[in-house]
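Have a look at it, then read on.

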Amino acid sequence: MGVFAALAVVGFAGAYIGPMGGALSSAVAEDNAPVSLYADSAGDAQALDTAGDEGPAPVSFERSGYSVYVTPKPTPTPTPEPETASSSSQAAAAPLYYTGGGSAAEWMAAAGIAESDWGYVDYIVGRESGWNPNATNRSSGACGLVQALPCSKVPGNGYDPVDNLRWGNGYAVGRYGSWAAAYNFWTSNHWW
């Protein structure tokens with residue numbers, strides 16, 4: 001068995017050193033071998049034949065050699081919106097306070113309130129605004145004689161006594177059925 005082991009060692013050494021030995025014996029240094037990748041690829045570069053040409057004329061670039069003018073975009077002029085008598089434009093504008101004259105009876109008659117209801121109207125309006133057409137509730141924004149809330153509900157001008165009473169007449173009849181029923185609700189609740 002010792003002989004067999006010795007033969008195995010010699011066989012392994014021969015198999016290992018044999019190929020390397022052949023490679024070492026053939027490695028001969030060449031004097032003109034390329035040293036870098038650039039030097040290796042320099043031989044592959046294309047050559048440009050410029051025989052007889054003096055070459056292109058030199059070009060000088062100056063920063064101030066040209067000017068660029070950009071026409072500015074025109075600023076659009078806003079087109080004015082047509083004014084309408086809508087309630088939204090009146091809400092944004094300052095309120096149009098009432099400066100005219102008249103009496104409570106004239107205003108109720110012009111608003112189309114039946115004379116038989118004037119007592120009920122007088123009671124409610126007297127407590128809501130004290131018959132001041134320009135009365136405004138600072139916390140809620142209610143306005144006018146009957147304190148319409150919001151003021152923009154009144155068609156026309158909420159501070160005009162006739163417009164305000166005309167709207168109040170529709171409110172009293174539409175919500176309560178009559179001025180008398182609106183009066184009964186007001187005396188029970190102190191609001192309407």
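## A right-handed disulfide

Let's start with the link of Cys 143 and Cys 151, which is right-handed, with 80° about the S-S bond. In general, a disulfide is a covalent bond between the sulfur atoms of two cysteines. Here the sulfur atoms of Cys 143 and Cys 151 are 1.9 Å apart; the rule for calling a disulfide is a pair of cysteine sulfur atoms within 2.5 Å. By that rule the count comes to one disulfide. Cys 143 and Cys 151 are both buried (buried is under 20% relative accessible area, exposed is over 50%, and partly exposed is in between, using a 1.4 Å probe and protein chains only).

A word on what you're looking at: this is a predicted model, where local features need pLDDT of at least 70 and side-chain atom pairs count only at pLDDT 80 or more, while totals for chains, interfaces and linings use all residues. Residues are numbered from 1 along each chain as its sequence is written, and side-chain values use heavy atoms, with hydrogens and water left out.

Helices here are DSSP runs (H or I, at least four residues), as are strands (E, at least two), numbered from the N terminus. Trp 131 counts as buried, at 17% relative accessibility.

Lys 153 is another residue of this loop, and it's partly exposed, with a relative accessible area of 46%. Its side chain reaches the backbone oxygen of Leu 149 at 3.3 Å. That's a polar contact (a pair of N or O atoms within 3.5 Å; within protein, one must be able to donate a hydrogen and the other to accept it, and residues adjacent in sequence count only if both atoms are side-chain atoms). Lys 153 and Trp 167 are 14 residues apart along the chain, and their C-alpha atoms are separated by 8.2 Å.

A polar atom of the Asn 157 side chain lies 3.0 Å from the backbone nitrogen of Tyr 159.

Asp 163 is found in helix H6 and counts as buried, at 18% relative accessibility. Leaving aside neighbours within four places in sequence, Asp 163 is in contact (heavy atoms within 4.5 Å) with Val 154, Pro 155, Gly 156 and Asn 157.

Which residues touch the most other members of the largest nonpolar core? Of its 22 residues, they are Val 121, Trp 131, Leu 165 and Trp 192. A nonpolar core is a set of buried Ala, Val, Leu, Ile, Met, Phe, Trp, Tyr and Cys residues joined through side-chain atoms within 4.5 Å. The largest share of this core, five residues, comes from H6. Not counting residues up to four places away in sequence, Leu 165 touches several others, including Trp 107, Met 108, Val 121 and Trp 131.

In helix H7 (residues 179-189), Trp 179, Ala 182 and Trp 186 are buried. They're on the same side of H7 because they cover an arc of only 55° around the axis (the arc is that of the directions from the helix axis to the C-beta atoms). What covers the buried residues of H7 includes helix H5 (118-128) and helix H6 (161-176). Just after H7, His 190 takes a positive phi of about 65°, and His 190 counts as exposed at 56% relative accessibility.

The structure holds 13 aromatic pairs. Rings of Phe, Tyr and Trp (its six-membered ring) pair if their centres lie within 6.5 Å; planes under 30 degrees apart count as stacked, over 60 as edge-to-face and the rest as tilted. The rings of Tyr 98 and Trp 107 have centres 5.9 Å apart and planes at 85°, so that pair is edge-to-face. Both of these residues, Tyr 98 and Trp 107, are buried. One aromatic cluster is formed by Trp 167, Tyr 171, Tyr 176, Trp 179, Phe 185, Trp 191 and Trp 192.
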